[in-house]
Amino acid sequence: MLEMLLDTSSTILYIASVKDKKVIYESISEGKNNHSDNLLKNITEGLENNALNKKLEIKDFDKIILGKGPGMYTGLRVSMTVAKMFAWTLNIPLFCVSSIDLLVSDYFNKDGIYAIMLKAKKDHSYTKVIRIKNNKKRRSYFERKDKNTYRRRQFRICINNFKFY
């Protein structure tokens, strides 16, 4: 199974191609509001230069996995449009996952509690604390939307009244 991963929710533009759970192409580049200029170029580069040593085509992919944020609206809009277009045109599944979970996914095989933080605008940050146990994400303690508000499950909790469960 050949999968394409895209994430443009932060200043990092991340593209990967994965075949049978092995990364055959990975591109990580930093940009400043220019993901729309580089996304298709980097996808094309991944199609031409990969560990399979053969030129791939978009129609070779079986599914697309997209980082859905939290993050920059413009960056998210660009990757969502491209991913949705590929998935719709090829009639393949499109999966959206938390960009924070994508960031920490390398640690899903190591037990522990991890705090992940992405920089947001105006000195705010997106933060998530998760617990990994037996190679599975067991619990998301909370997600921090900004410096004053936490979101836990479907509830918003003010930091002054926050209780760690």
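Guide: Let us begin with a crossover, which is called right-handed if, with the strands pointing away from the viewer, the path from the first strand over the helix to the second runs clockwise. Here strand 4, helix 2 and strand 5 form a right-handed β-α-β unit. Helices (H or I, at least four residues) and strands (E, at least two) are DSSP runs, numbered from the N terminus. The model is predicted: local features need pLDDT of at least 70, side-chain atom pairs count only at pLDDT 80 or more, and totals for chains, interfaces and linings use all residues. Residues are numbered from 1 along each chain as its sequence is written, and side-chain values use heavy atoms, with hydrogens and water left out.

Visitor: How many bridges join strand 4 to strand 5, and in which sense do the two run?

Guide: Two strands pair if DSSP finds at least two bridges between them. Strand 4 and strand 5 run parallel and are joined by four bridges. Within this pairing, Gly67 stands opposite Val97 in strand 5.

Visitor: Which residues of helix 2 are buried?

Guide: An α-helix has 3.6 residues a turn, so residues three or four places apart point the same way. Buried means under 20% relative accessible area, exposed over 50%, and partly exposed in between (1.4 Å probe, protein chains only). In helix 2 the buried residues are Gly75, Leu76, Val78, Ser79, Val82, Ala83, Phe86 and Ala87. They lie on the same side of helix 2, because they cover an arc of only 165 degrees around the axis, the arc being that of the directions from the helix axis to the C-beta atoms. The face turned away from this buried side carries the exposed residues Tyr73, Thr81, Lys84, Trp88 and Thr89.

Visitor: Against which elements do the buried residues of helix 2 pack?

Guide: Contact means heavy atoms within 4.5 Å. The buried residues of helix 2 pack against strand 1 (2-7), helix 1 (35-48), strand 4 (63-67) and strand 5 (94-97). A residue of helix 1 illustrates such contacts: Ile43 touches Met4, Leu6, Ile15, Ile58, Val82 and Phe86, not counting residues up to four places away in sequence. Ile43 is buried, with a relative accessible area of 5%.

Visitor: Which way do the residues of strand 1 point?

Guide: In a regular strand the side chains alternate between the two faces of the sheet. From strand 1, Leu2, Met4 and Leu6 point one way and Glu3, Leu5 and Asp7 the other way, and all are buried.

Visitor: Where does strand 1 find its partners?

Guide: Strand 1 runs antiparallel to strand 2 (residues 12-19), with six bridges between them; Asp7 stands opposite Tyr14 there. A hairpin of four residues connects strand 1 to strand 2. Strand 1 also pairs with strand 4 in the parallel sense over four bridges, where Leu5 has Ile65 as its bridge partner.

Visitor: How many helices and strands does the protein have?

Guide: The protein has three helices and 10 strands. Of its 165 residues, 41% count as buried.
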